Amino acid sequence: MANVKVTLVKSLIGAKPNQKATAASLGLKRVGDSIIHADDAVLGGKVKVISHLVKKENV
């Protein structure tokens, strides 16, 4: 399975509570934080919720 690097590029200040919780569940706490996950449907749904706050790259 392919891996994906997700990076938080915008601040969570002013984001909705569900968006903050989604970022926390991915392990993203502050701008510039990156995490590598396996690319699956669960990750795709989480990234879709906060797509305007993150950058997704194939690794």
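## Briefing: fold, core and selected residues

Once its neighbours within four places in sequence are left aside, Q19 is in contact with V49, I50 and H52, where contact means heavy atoms within 4.5 Å. The structure is a predicted model, in which local features need pLDDT of at least 70 and side-chain atom pairs count only at pLDDT 80 or more, while totals for chains, interfaces and linings use all residues. Residues are numbered from 1 along each chain as its sequence is written, and side-chain values use heavy atoms, with hydrogens and water left out.

**Overall fold**

- The secondary structure consists of two helices and three strands, and these follow the pattern β-α-β-α-β when read along the sequence; helices (H or I, at least four residues) and strands (E, at least two) are DSSP runs, numbered from the N terminus.
- The radius of gyration is 10 Å, close to the 10 Å given by the globule rule for 59 residues, so the protein is as compact as a globular protein of that length; this radius is taken over C-alpha atoms, and the rule is 2.2 Å times the number of residues to the power 0.38.
- The C-alpha trace spans about 35 × 20 × 15 Å along its principal axes.
- Of the contacts between residues at least 6 apart in sequence, 73% join residues that are at least 24 apart.

**Surface and charge**

- Buried residues make up 27% of the 59 residues, with buried meaning under 20% relative accessible area, exposed meaning over 50%, and partly exposed covering the range in between (1.4 Å probe, protein chains only).
- There are 10 positive and 4 negative side chains, and the centres of the two sets lie 9 Å apart; Lys and Arg count as positive and Asp and Glu as negative, while His and the chain ends are not counted, and the place of a charge is taken as NZ of Lys, CZ of Arg, CG of Asp or CD of Glu.

**Nonpolar core**

- In soluble globular proteins, nonpolar side chains tend to be buried together.
- The largest nonpolar core here has 13 residues, and those with the most contacts inside it are V6, L8, L28, L43, I50, L53 and V54; such a core is a set of buried Ala, Val, Leu, Ile, Met, Phe, Trp, Tyr and Cys residues joined through side-chain atoms within 4.5 Å.
- The elements that give two or more residues to this core are β1 (3–8), α1 (17–26) and α2 (41–49), and the largest share, three residues, comes from β1.
- Apart from neighbours within four places in sequence, V6 is in contact with L28, D33, S34, I35, L43, V47, V54 and K55.

**Residues of helix α1**

- Q19 lies in helix α1 and is buried, with a relative accessible area of 12%.
- T22 is also found in helix α1 and is buried at a relative accessible area of 13%; leaving aside neighbours within four places in sequence, T22 is in contact with K46, V49 and I50.
- S25, which lies in helix α1, is partly exposed, with a relative accessible area of 43%, and its C-alpha atom is separated by 8.7 Å from that of K46, 21 residues away along the chain.

- I35 has its place in strand β2 (residues 34–38) and is partly exposed, with a relative accessible area of 29%; not counting residues up to four places away in sequence, I35 touches V4, K5, V6, L26 and L28.
- K56 belongs to strand β3 and counts as partly exposed at 42% relative accessibility; with neighbours within four places in sequence left aside, K56 is in contact with V4, K5, D39 and V47.
- V59 is placed in the segment after β3 (54–58) and is exposed, with a relative accessible area of 60%; V59 touches N3, V4 and K5, not counting residues up to four places away in sequence.
- V59 and I36 are 23 residues apart in sequence and 8.1 Å apart in space, C-alpha to C-alpha.
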